[in-house]
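Open the model in your viewer and keep the selection tool at hand. The stops below are meant to be taken in order.

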Amino acid sequence: MPYLPLILSLGDRSLNAEGLLDTGASVNVLPYELGLQLGLIWENETLSVLLAGNLARFEARAVVIDAQVSSFPTVNLAFAWTQAPNVPLILGQANFLFEFDVCFFRARSEFEVRPKQVGSVGSDDR
């Protein structure tokens, strides 16, 4: 499984975590226990998020957390903080894959992550 080590930070708290890179996930998902470890309080987070699939029956709240991958600059990641038990930290389309380019080398069981490139091939930089 493509698990990526990263550091999550909120205020003066930080923790080492591993996130599952899931290109099929619409959003990033933060497990309940990790949110508590970062100092989040469920009752204080009032913006609800609707999840799909096997997480649809659980409540989720929108939170933004600083994340650092490798030696790359820290980015703000938006998460659906869920009360679902036994869910991994999921790094999905919104917004992990907006912030990072990921390339999978399935035959070698490897992947590469790098910060998004500003501008692109063929863009007009004038």
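The tour of this predicted model goes from the nonpolar core to the aromatic rings and then to the pockets.

**The core**

Start by selecting Leu8, Leu30, Phe79 and Phe96. In the largest nonpolar core, which has 25 residues, these four touch the most other members. At least two of its residues come from each of β1 (3-10), β2 (13-21), β4 (60-68), β5 (75-82) and β6 (89-91). Which strand gives the most to this core? Strand β5 does, with four residues.

**Ile65**

Next, move to strand β4 and pick out Ile65. Is Ile65 buried or exposed? Ile65 is buried, because its relative accessibility is 0% and the cut-off for buried is under 20%. Ile65 and Val75 are ten residues apart along the chain, and their C-alpha atoms are separated by 8.3 Å.

**The aromatic rings**

Show the side chains of the aromatic residues. How many aromatic pairs does a search of the whole structure find? It finds six. One of them is formed by Phe96 and Phe100, with 4.7 Å centre to centre and 25 degrees between the planes. This pair counts as stacked, since the planes are under 30 degrees apart. Both Phe96 and Phe100 are buried.

Then select Tyr32, Trp42 and Trp81, which ring pairs link into a cluster.

For a ring with a charge over it, go to Phe105. Arg108 lies over the face of Phe105, at 4.4 Å from the ring centre.

**The pockets**

The space in the largest pocket is about 340 Å³. Its lining is made up of twelve nonpolar, five polar and two charged residues.

For the last stop, select Met1, Pro2, Phe104, Arg106, Ser109, Glu110 and Phe111, which line the second largest pocket. The second largest pocket holds about 180 Å³ of space. How does the lining of the second largest pocket divide into nonpolar, polar and charged residues? Four are nonpolar, one is polar and two are charged.

Definitions and conventions. Residues are numbered from 1 along each chain as its sequence is written. This is a predicted model: local features need pLDDT of at least 70, side-chain atom pairs count only at pLDDT 80 or more; totals for chains, interfaces and linings use all residues. Side-chain values use heavy atoms; hydrogens and water are left out. On a 1 Å grid over the protein atoms alone, a cavity is a set of points where a 1.4 Å probe fits but cannot get out, and a pocket is an open set with protein on both sides within 12 Å along at least five of seven lines; lining residues have an atom within 4 Å of a point. Grid points are joined across faces, edges and corners, and a volume is the space filled by probe spheres set on the points. Ala, Val, Leu, Ile, Met, Phe, Trp, Tyr, Cys and Pro count as nonpolar, Asp, Glu, Lys and Arg as charged, and the others, Gly among them, as polar. Rings of Phe, Tyr and Trp (its six-membered ring) pair if their centres lie within 6.5 Å; planes under 30 degrees apart count as stacked, over 60 as edge-to-face and the rest as tilted. Buried means under 20% relative accessible area, exposed over 50%, partly exposed in between (1.4 Å probe, protein chains only). A charge sits over a ring if NZ of Lys or CZ of Arg is within 6 Å of the ring centre and within 35 degrees of the ring normal. A nonpolar core is a set of buried Ala, Val, Leu, Ile, Met, Phe, Trp, Tyr and Cys residues joined through side-chain atoms within 4.5 Å.
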